[in-house]
Each structure stands twice: as C-alpha cells, then as structure tokens.
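Look over the sequence and the structure before reading on. The paragraphs below go through an annotated site and then a helix.

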Amino acid sequence: MAAALQTLGGGIGITLHWIAFTPTIEQQATEEQKKKWLKLAQDVAIVGAYAQTEMGHGTFVRGLETTATYDPSTQEFVINSPTLTSTKWWPGGLGKTANHATVMAQLYTRGKCYGPHNFMVQIRSLENHQPCPGVTLGDIGPKMESNGNDNGFARFDHVRIPRENMLMKFARVEADGTYVQPPSSKLAYSNMVYLRGTFVMSAAQALASATTIAVRYSCVRRQSEMKPGEPEPQILEYQTQQYKLFPQLAAAYAFWFASWFMTQQHGSITGSMEKGDMSGLAELHALSAGLKSYTTAVTARGIDVCRMACGGHGYSHASGLPALFGGAAALCTAEGENTVMMLQTARYLVKCFAQSQAGKRLTGTVAYLSAVQPSPVAGNRNMSDLGTLVAAFQHRAARMVRHAAMQMQGEMQKGKAREDAWNSCSVLLIKAAEAHVHSFVVRNFAETVQTVEVDESVRAVLTSLCQLYSLYGITEHAGDFLKDGYLTGRDIDAASSHLSAMLARVRPDAVALVDAFDLHDKILRSVLGRYDGRVYEHLYEWAKKSPLNKSEVHESYYKYLQPFLKSNRAKL
Ligand SMILES: CCCCC/C=C\C/C=C\C/C=C\C/C=C\C/C=C\CCCCC(=O)SCCNC(=O)CCNC(=O)[C@H](O)C(C)(C)COP(=O)(O)OP(=O)(O)OC[C@H]1O[C@@H](n2cnc3c(N)ncnc32)[C@H](O)[C@@H]1OP(=O)(O)O
Ligand SMILES: Cc1cc2nc3c(=O)[nH]c(=O)nc-3n(C[C@H](O)[C@H](O)[C@H](O)COP(=O)(O)OP(=O)(O)OC[C@H]3O[C@@H](n4cnc5c(N)ncnc54)[C@H](O)[C@@H]3O)c2cc1C
C-alpha cells in the first residue's frame, strides 16, 4: 500500500511525505515522539508535508514569520500566520493531500524569540479530510512541471497544539516555558542537509534517464549523408552528437559516484553527532550544499542538451525529456536555491583558507587547499593521466579560493565591512566554490574507478569515461587553468585531442553504459528511449492517443474557425 501511494499522481502529492516529512520525524523527534508519529508516517496512516517556506521567505529561514508562542497556562503552543507573507507556500502535498505537517516557526517563550523550530501540526480531519479549525489550506496553482503534485499554501489562525508537538530531540521547552538550548542551533536544519544530499542522487538519476533516452534514440535515428551516396548514418556517428551526449553520460556516472560518497559521509557524520561529536557538521553542510547546487545545475543544463540533441521529437512530451527538465529545474530551486547553497560552500572555503593561512593542516574535502603550491610548475603534462587531471582541477580550485579570499581581505583592508566585502566578492566566491566542488567530483570519480570492484574490462571503460569527464571540464574552463600558467596552451591542445579520442573510444560502449543504469521503460516513460528501440511505431500510437484526436473535426472548428472562415470568404 505504502509503495502504491508513492506513485500516486493527479493532484495527490505523496513525495514530500517520504523525502521530507518522515525523515524530519526520524531526525528531529525524541524517542517518545517517534513512538507516537514515526510508525504512523511509515505506514501512511497519516500523510505529511514539510511546511517551512512561506510566500515571503524561502532562503532566509531566520526570516520566517510564522510564530509558535508558548502558553504555560495551558502548556500549548499557539501557531499563527501574522501576515499575508507568512502564509506557508510551496510545500509539496500541503494543498490537498496531507493531514499533518511539520511546521517551521519562530519559537517564542517568556516573551523571547529563540528562532526557527519544527512543530507537528494536524491540518486536516482524519475523519473527513476537512481542514482543522483555524487552518486554511489550498493549492498554489499550476507550475512549470510536476503538476500532479499539490504544492500548497497554509495559514494558521492561532491554532493551539500541545507542548509535546514541538519536535524536541535537540532543543526543548519545559512545561514552565524554560527554553533548553540545542548543542547547535543548526541542528534544526539537519533534515535540509539530508535532503540536499539525496538531491545528488536525484540529479544523477535524472541525467542518467536523459542520457539513456538520447543515446538510445541517437542509435535509432538516421539522418543526412555523412558521405554522398552512402546510407543515412545513425546520428550518434556524428562527433558533434557524441560531444553533446558523452560528457552528460560521464557526468551521470560522476554524480552517481558522488552520491555514494555523500551518503557515506552523511551516515558517518550524523553517527558521530548522535554521540555528541558535532565536529563534522560544518563540512557536511558545505559538501551537501555545494554538491546539491553543482550537480542539479549541471543536470538541468545537461537534460536540455539531450533534449536538443533529439531534434523535434525531443521537444515532444513523448520523449519524456521536457518533464525531466522541469523536474531537474525544480531541484535547482528547491531545498536551498543553488546560488545561496554555493555561497554557503564558499563561506566554509574562506574559513578553511584562513585557518590554513594560520598554519592549520586542513583535512577532508578541503585538505588539498593546504597542499597545493601557489607557484605552478609548467611543463608538458600527460593529459591522459588521471592523476595529472585531478591535480589540475585541485590547483585551479585552490588558486580561485585563494584569489577570492585575498580579494575579500583586500576589500576589508580598504575599510569595507566584512558583509560588504563579502557581497562585492560574491561572484568570485561562487566561481571558486564551483571549482572546489568540480575538483571534488573529478577526484572522487577517479578514486572510484580505480577502486570499485569490477571486471578489468569494465574498469577500462569507466576510466575512459572519467578521462572524458575531466578533459571536457578542462577544455570548457580552459581560462581557469591557463591563468597562472599551471597548464599551457599545448596542454589545452593535448586535452582537446585526447577528448576527441575519448569520444571515439566511448562510442562502442555508449549503449551498454546507458543500459547499465537499468532504467525500466516504465520509469523512463519515453517513446524515444524504449529498450526495444521501436520508436516510430510507438510515436504514432502515442500521438493517436492525444486528446485532440478524440474527434476528427475538433469542436473549436465550429466555435471559432468556421465562422471566421465564413466571414473572410464573404468579404472576397
Ligand atoms: C529512477 C529514475 C528517476 C528519474 C528522475 C529523477 C529525478 C527527476 C528530476 C527531478 C525530481 C522530480 C521532480 C522535482 C520536483 C520537486 C523536487 C522534489 C522535492 C522538493 C523538496 C523541496 C523541499 C524544500 O524545498 S524544503 C525548504 C528548503 N529550504 C531551504 O533549504 C532554505 C535554505 N536556507 C537555509 O538553509 C539557511 O537560511 C541558510 C541559507 C543556510 C542561512 O542560514 P543562517 O541561519 O542565516 O546561517 P548563516 O548563513 O548566517 O550561517 C551561520 C552559520 O551556520 C552554518 N550553517 C548554516 N546552515 C547550516 C546547516 N544546515 N547545517 C550546519 N551549519 C549550517 C553556516 O555554515 C555558518 O557557519 P559559520 O558561522 O560560518 O561557522
Ligand atoms: C518544486 C518545488 C517544491 C518545493 N517543495 C517545498 C516543500 O516541500 N517544503 C518547503 O518548505 N518548501 C518547498 N519549496 C520551496 C523552496 O524551498 C524555495 O523556493 C527555495 O528555498 C527558494 O526560496 P524562495 O523561493 O523564497 O526564493 P528566494 O530565496 O527569494 O530567492 C530568489 C532569488 O534571490 C537570490 N537570493 C536569495 N538570498 C540570497 C543571498 N543571501 N545571496 C544571494 N542571492 C540570494 C536567490 O539566489 C534567488 O536567485 C519548493 C519549491 C519548489 C520549486
């Protein structure tokens, strides 16, 4: 039953129940509270939404306006939407599906505000699904995609909930209204860190889906003449088609491996946090924010490249690519808008750079910042060697982090306040953070292909894919590598020619590489990407089912076209 509900469509939004509401109970509720709500959520005996974003605030969580004011006389919290902009807006499933929500609200007790905390609020009757007293609910209207999901709005008019409905694993309010501090105020944000981490796999899956569709279709589609008089070739024989698709295919594998690392890191660091060791939280936040931002942005662009590579049929919903693009585009905004998330990573990098300057040896994903020499040693590098490629990406990132941090220090030495210096360097900071995440993805890709337990013939193919991904990154951002002479023009030319060689080397394995994602036709939902390759017959069948084909002459003819034609003919 629960699995069936996961696939509900048509105005029923159950996704956020699974990926946000239930994990919030798991991560933020006490053991007592888990006994009360967790099994109900896991068995879908209640359906929940994660209600944090408001009409007026999404990014700036500390600016949320919904209030939760403790009343010690009744030992209740009063949940209230004081302004129009405090209306909860966007949460998936909030409009029509959910009967509960974890509501992020500013906690007030004894007249003092303690910032945003999560509260469990029942929003609809379990008997007749009508909104509870004081709760106003609705759908926010059509969106770019995912219109099967009822992203909704909610307003609370002094809704009273028991004190025990504050999720109190980290912070709590005692019966007399005393607020007990959490080990870190950011633990209230822990479910966002978790969800951002899962977005890395969503991005990998989305890009895997798009490249599966585009590569398979590019083997079915024949077009034009490569040589006069010869049969029309598969469009995948064109180098330009390979240049469009294979870097996206390589990125799908790179992000898939990055999501493995993210999952492992999340488990290990949250495990330590359970034992009171918060030392890994900052790195986990920076990594999840940066990877979420980077992988979703590359994925959204990459899906559109795949769509364009499929010509007109790519633009049809029959391809499945417009829906994938719409979904991936949402990932760039949801769970932390990408710019803001990359700035969080930049904030961590600037902090680590300052520590490194002060002599601290850095560890984890920023260890390279301590190791990389500022003065490059140019020379003929072996641009097909993975170690050389990883080192190039790390040098580029270290140089850009150093440059952005020094620029900021310079601005502050001129007398600018830190916040103003930050803002005036934020474009440099974003680029440096992107370079950092890019270098992490390359290094992780290289380490995975060298250590993953596979047949050596498979390792050879994955190594080619990793080289292709890295060489594509170097040629696409050549200026960054040339800037301080770390790579020379000859190196970039060598990278380009190796990249061409990699395109040709990956070509014979391209279909096997997408088949390896093992995405069933039911998941791909694409006529172009069908496993059996029978595109044209199914494209025709798909079109015949279009609602416009229900009648031979559409009613619009009689309503609009016929009178219009008649009046125009009468004037002749
Ligand atoms: C199998 C085939 C499948 C194929 C298809 C696959 C996929 C298809 C494609 C797509 C999917 C389909 C459809 C898509 C549709 C929808 C998407 C699905 C689900 C959507 C879910 C979305 C849910 C939500 O959006 S919930 C709301 C999310 N909101 C946010 O994320 C808000 C973002 N803002 C914040 O997090 C914060 O406000 C902030 C920006 C971090 C700032 O916080 P602030 O308190 O102001 O902190 P400040 O910047 O001042 O820093 C202070 C200090 O705190 C540290 N810090 C900040 N945050 C954290 C944290 N979380 N953890 C730890 N530490 C943190 C920060 O580093 C600073 O530290 P220091 O002082 O520097 O040391
Ligand atoms: C499909 C979808 C599903 C969603 N599901 C949920 C859900 O289930 N629950 C939920 O609570 N929310 C949900 N959201 C809301 C989502 O979390 C927010 O849209 C997101 O956090 C961005 O906030 P915002 O929309 O207020 O944009 P804003 O924060 O207003 O951002 C607008 C622009 O301002 C820029 N900006 C903002 N702050 C800064 C800064 N400090 N520095 C530089 N630039 C900045 C941003 O980069 C962005 O370009 C969903 C959104 C979508 C699209």
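What follows concerns a predicted model, beginning with the positions annotated in UniProt.

The unreviewed UniProt entry places the feature "binding site" at Thr53 and Gly92. These positions are spread over 40 residues of sequence, yet they cluster in space, with a largest C-alpha distance of 10.6 Å.

Where does Thr53 lie? Its place is the loop between β1, residues 48–51, and β2, residues 67–71. Thr53 has a relative accessibility of 24% and therefore counts as partly exposed, since the buried class is limited to values under 20% and the exposed class to values over 50%. Setting aside residues up to four places away in sequence, Thr53 touches Gly58 as well as Thr87, Lys88, Trp89 and Pro91.

Gly92, the other annotated position, also belongs to a loop, here the one between β4 (88–89) and β5 (100–109). Is Gly92 buried or exposed? Its relative accessibility is 6%, so Gly92 counts as buried. When neighbours within four places in sequence are left out, the contacts of Gly92 are Leu16, Ala49, Asp150 and Asn151.

Helix α4 runs over residues 190–220 and has 31 residues. From its first C-alpha to its last, α4 reaches 46 Å, close to the 45 Å expected at 1.5 Å a residue. How many of the residues of α4 are buried? The count is 25 of 31, and α4 is accordingly mostly covered.

Notes. Residues are numbered from 1 along each chain as its sequence is written. Chains are lettered from A and ligands numbered from 1 in the order in which they are written. This is a predicted model: local features need pLDDT of at least 70, side-chain atom pairs count only at pLDDT 80 or more; totals for chains, interfaces and linings use all residues. Side-chain values use heavy atoms; hydrogens and water are left out. UniProt positions are given in the numbering used here, feature names are shortened, and annotations may be inferred rather than shown by experiment. Helices (H or I, at least four residues) and strands (E, at least two) are DSSP runs, numbered from the N terminus. Buried means under 20% relative accessible area, exposed over 50%, partly exposed in between (1.4 Å probe, protein chains only). Contact means heavy atoms within 4.5 Å. The expected span of a helix is 1.5 Å times one less than its number of residues.
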